[in-house]
Amino acid sequence: MIYIAGMDDHTDRTRKPRADAVRNRELVLEAAKVVFNAGGPEASLEAVAKRAGVGIGTLYRHFPTREDLFEAVYRREVEQLSEFAEQLKNAKDPVDALRRWLRSGVEFVATKKGMVAALALAVQSGSELHAFSFDRLTKATGSLLDRAVAAGEMRADISPEDLLRAFFGMCYIHDQPGWQSTALRLLDVFVDGLRVQPVAKPKAHTTKRAKPAAKPKR
């Protein structure tokens, strides 16, 4: 075998990540989701590392800055929502599938609220991250909405974009503690309002026959 200078370095750079490195990255992302959800943008990276059960050096090797970690968590959440929509595509009740997906999105928004300060620039309109999330979420919403419309269960004059705007509006209108329960309740009302209501059949009108006049007594 001919040795080429720098070959070992190149092999190291292109080698797939070790299983423990992949596992540690997932542990950090899952821990970050919980910490940012509960603690907001001021939650420390040390708290994330502690919850993940890894050293702070391990965290920084995967995510050199707080913004890198926030963006990775955000992308992971979008991917998981897309995958969940795919799982729900064959659900028996298409309206219930859409409802379940929207309700799962409330948790995504809760995590996003905790990272909103750091994500403000990264997710601004026109950015690659904004395009990535908008495309994935619109397709996921559309796939579930189309099934419900095709089944005749939901009105057809609403687009996936309309649905997402309404969804995020319900999630962001309240910022007080307990906002998630309010958002979930509003989602149920909203989805029920989009259902196609069965047309009530008019009751058949029956005309009572008049009693024959009594014969006069002789």
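**Salt bridges between helices**

Glu-107 is partly exposed, with a relative accessible area of 42%; the term covers values between buried, under 20%, and exposed, over 50%, found with a 1.4 Å probe on protein chains only. The structure is a predicted model, in which local features need pLDDT of at least 70 and side-chain atom pairs count only at pLDDT 80 or more, while totals for chains, interfaces and linings use all residues. Residues are numbered from 1 along each chain as its sequence is written, and side-chain values use heavy atoms, with hydrogens and water left out.

The side chain of Glu-107 meets that of Lys-33 in a salt bridge, with N and O 3.0 Å apart. A salt bridge here is a side-chain nitrogen of Lys or Arg within 4 Å of a carboxyl oxygen of Asp or Glu. Glu-107 belongs to helix α6 (residues 94-114) and Lys-33 to helix α2 (residues 19-39), so this pair links distant parts of the chain, 74 residues apart. Helices are DSSP runs of H or I with at least four residues, strands are runs of E with at least two, and both are numbered from the N terminus.

Another salt bridge joins Arg-136 and Glu-79, whose closest N and O atoms are 2.7 Å apart. Because Arg-136 sits in helix α8 (residues 128-150) and Glu-79 in helix α5 (residues 66-88), the pair ties together parts that are 57 residues apart in sequence. Arg-136 has a relative accessible area of 30% and is partly exposed; Glu-79, at 27%, also counts as partly exposed.

Arg-103 is in helix α6 and Asp-188 in helix α10 (residues 179-194), so parts that are 85 residues apart in sequence are tied together. Both residues are partly exposed, Arg-103 at 33% relative accessible area and Asp-188 at 25%. Through salt bridges that share partners, Arg-103 and Asp-188 form one network with Arg-99 and Asp-192. The salt bridges in the model come to 15.

One stretch carries a label from a record. An unreviewed UniProt entry annotates residues 44-63 as "DNA-binding region"; UniProt positions are given in the numbering used here, feature names are shortened, and annotations may be inferred rather than shown by experiment. Over residues 44-63 the model has 75% helix and 0% strand, and the end C-alpha atoms are 13 Å apart.
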